[in-house]
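Grab a pencil and work through these exercises with the model open beside you. Try each task before you read its solution.

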Amino acid sequence: MLLNSEFSLTDNMRALLLLGLVAVALAEITHFEGEKVFRLKPVLDEHVTLIKDLAKSIEVDFWRPESPELVTIDIDVDIRVRAMYLDMVYTTLQQNDMEYKVLIEDVQSSVDAQVDNRPSPRAHSYTKYNTWDTVQSWIASISSSNPNLISKQVIGSTYEGRPMTVLKLGKKSSSTKPAIFMDCGIHAREWISPAFCQWFVKEALSTYGSDSQMTSLLNQMDVFVLPVFNIDGYDYTHKSNRMWRKTRSRKSGSSCIGADPNRNWNAGWCTTGASSNPCSDTFCGYSPESEIEVKNVADFIRRNKSVLKAYLTIHSYSQLLLFPYSYTFELAAHHSELLKVAEGASAALRSLYGTSYTSGPGAATIYPAAGGSDDWAYDLGVKYSYTFELRDTGRYGFLLPESQIKPTCEETMLAVKYIAAYVQKNLY
């Protein structure tokens, strides 16, 4: 009798397991067939109004700027439009004489083409977009590879319970060294960003001892690297929706998920360029640091404030090197020095492949946006605070092909090393 009940139990469990696997297989994967990315060129106030009205009447994914509120005349506006709305959008643009071009003919084709066709290595690769599971394994192996130069520290968990691990690069020292903090992947869909943090760690470890600049940097300073900031979101872009941007936090009473982790810092929080609507891609959160990921990083930076001399945050796309402020048009106290360093770093970057970057304070260079991490770090007292917007300028947008990972990372290394060398010589 007992035997039979054991058998039926395992049969039931098998059936449940099978159902579970089927459910996982059917878990919604968002497809983008027939969707297009347009670049609109509003030159009249009416055009601006038109774009904002369009965003109210249909679902529009703003790639640049990041929300309809930020649209002004004479800026390029990149939007992703679902197939079902295309006729309406074409008609509206033509009727209102707005100049436009199609940047991406079929978004799904670009999603598919992003990954090159080499057999996908199960192992980690510096020239592929690694899944979170692969990155996590890489963090474990790289941090034990060279104990004299690298160590790891878990600074907390994400909303969904994944560990946030900071890698500390630098020659072991009995005394406390000045440091630089760098994070990648605040926005989930900006895949080139985490690729750069991984590349940076590889380069730092592999060129120490042969590259005089890197050797000097790691002897005299520490570099803290957070390879993926918005881990839950990043994982979700690999498994469910490639275009997801925010965190994955939930709040009872709202069906909308997540907040924009780069609008959630206590720097002019939710005053401009951010939304108080939980469904918006630029939702500022329910309060400053309401997102646990932001709080974990902010706590880490506060704890290490006395040694942190620079803060670098890596985003995409637009080819920009920005510094405070974004939440106000007022110039930072160290504006001229920050601009000089940014221009030097941009020149270093351009020297390799001719890639052109624009430098300047966020608000004036692109658009005002409150609650950003670079402004917060600067106001806390971290003087050299920079935001990189990596390749490209819109041909691929967030869907930069894997073939561009290596050149993008190589040129960005030059800019980061330029900033690091300057900071090293100008400690305060």
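**Exercise 1.** Find the volume of the second largest pocket and the residues that lie nearest its centre.

*Solution.* Keep in mind that you're looking at a predicted model. Start with the space: the second largest pocket has a volume of about 460 Å³. Of the elements, α4 gives the most, with four residues. Finally, sort the lining by class: you get eight nonpolar, twelve polar and six charged residues.

**Exercise 2.** Now describe the lining of the largest pocket.

*Solution.* This pocket holds about 890 Å³ of space. Its lining has 32 residues, and those nearest the centre are Glu59, Val60, Arg80, Cys279 and Asp281. Strand β2 (residues 60-64) gives the most to the lining, with three residues. By class, there are twelve nonpolar, seven polar and 13 charged residues.

**Exercise 3.** Is Glu389 buried or exposed?

*Solution.* First, locate Glu389: you'll find it in strand β12 (residues 384-390). An unreviewed UniProt entry lists Glu389 under "active site". Buried means under 20% relative accessible area. Glu389 has 11% relative accessibility, so it counts as buried. Then look at what surrounds it: leaving out residues up to four places away in sequence, Glu389 touches His315, Ser316, Tyr317, Ser318, Gln319, Leu320, Leu322 and Tyr357. To finish, follow the side chain of Glu389, which reaches the backbone nitrogen of Tyr317 at 3.5 Å.

Technical notes: Residues are numbered from 1 along each chain as its sequence is written. This is a predicted model: local features need pLDDT of at least 70, side-chain atom pairs count only at pLDDT 80 or more; totals for chains, interfaces and linings use all residues. Side-chain values use heavy atoms; hydrogens and water are left out. On a 1 Å grid over the protein atoms alone, a cavity is a set of points where a 1.4 Å probe fits but cannot get out, and a pocket is an open set with protein on both sides within 12 Å along at least five of seven lines; lining residues have an atom within 4 Å of a point. Grid points are joined across faces, edges and corners, and a volume is the space filled by probe spheres set on the points. Helices (H or I, at least four residues) and strands (E, at least two) are DSSP runs, numbered from the N terminus. Ala, Val, Leu, Ile, Met, Phe, Trp, Tyr, Cys and Pro count as nonpolar, Asp, Glu, Lys and Arg as charged, and the others, Gly among them, as polar. UniProt positions are given in the numbering used here, feature names are shortened, and annotations may be inferred rather than shown by experiment. Buried means under 20% relative accessible area, exposed over 50%, partly exposed in between (1.4 Å probe, protein chains only). Contact means heavy atoms within 4.5 Å. A polar contact is a pair of N or O atoms within 3.5 Å; within protein, one must be able to donate a hydrogen and the other to accept it, and residues adjacent in sequence count only if both atoms are side-chain atoms.
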